[in-house]
Amino acid sequence: MPTVPWTLRPLTPADVGDVMRIQAQTYGAAFQEDKAVFARRLAARHQCSLGVQRTTDASLLAYAAAYWSAPGHITPLNGDFELPIAGPSSLYLHDISVLPALAGQKVAHALVVHLIELARSRHMTSMGLVAVQGSARFWQRYGFAEHKITDPTQRQHLASYGAGAHYMVQRL
């Protein structure tokens with residue numbers, strides 16, 4: 001069996017520059033977020049973001065930005081990772097970005113599965129995310145389903161992603 005040329009590891013504030021580099025290569029300008037916002041996210045004590053690094057030189061090739069949150073809470077585009085008042089019971093998966101050079105290597109799959117297992121190990125009741133750029137079908141394969149948002153503030157946060165964005169939830 002061939003070895004995988006990459007490994008998963010926690011993201012830290014030192015990774016902000018690499019995260020911005022990956023984001024610039026994988027998202028259109030409409031979804032690129034501010035470097036200072038990402039720095040605050042990665043410094044938050046309740047974040048559980050992951051990086052994918054090449055095993056030969058430790059360069060960052062992909063990431064998943066995530067944090068412990070509350071069901072139904074949506075982080076707006078360019079928003080901070082807010083700690084829920086009542087304590088976390090959900091994992092919010094804000095963003096996954098994989099360099100095109102890793103296409104077909106199941107990197108996104110590894111990130112998603114690892115985060116699902118992490119949420120289950122912490123006894124979270126659900127995971128939530130916003131599907132953008134036509135990705136809802138991808139998330140459905142992992143058990144996520146579209147969830148209606150009725151709270152006006154959360155609807156506004158969802159709208160920050162533009163037309164076609166869907167809030168999706170997986171019950172754990």
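Q: Where is Lys106 found, and what makes it exposed?
A: Lys106 is found in the loop between S4 and helix H3 (107–121). Helices (H or I, at least four residues) and strands (E, at least two) are DSSP runs, numbered from the N terminus. Its relative accessible area is 60%. Exposed means over 50%, buried under 20%, partly exposed in between (1.4 Å probe, protein chains only). Lys106 is therefore called exposed.

This is a predicted model: local features need pLDDT of at least 70, side-chain atom pairs count only at pLDDT 80 or more, and totals for chains, interfaces and linings use all residues. Residues are numbered from 1 along each chain as its sequence is written, and side-chain values use heavy atoms, with hydrogens and water left out.

Q: Why is Ala58 called partly exposed?
A: Ala58 has a relative accessible area of 42%.

Q: What is the phi of Ala58, and what is that of Lys106?
A: Ala58 has a positive phi of about 65 degrees. Lys106 has a positive phi of about 60 degrees. Neither residue is a glycine. Most residues other than glycine have a negative phi.

Q: Why are strands S4 and S5 called paired?
A: Strand S4 (residues 90–98) and strand S5 (residues 126–131) share four bridges, in the parallel sense. Pairing takes at least two bridges found by DSSP, so S4 and S5 pair. Leu93 has Leu129 in S5 as its bridge partner.

Q: What makes S1 and S6 edge strands?
A: Seven strands form an open sheet in the order S1-S2-S3-S4-S5-S7-S6, with mixed pairing. Strand S1 (6–10) and strand S6 (145–146) each pair on one side only.
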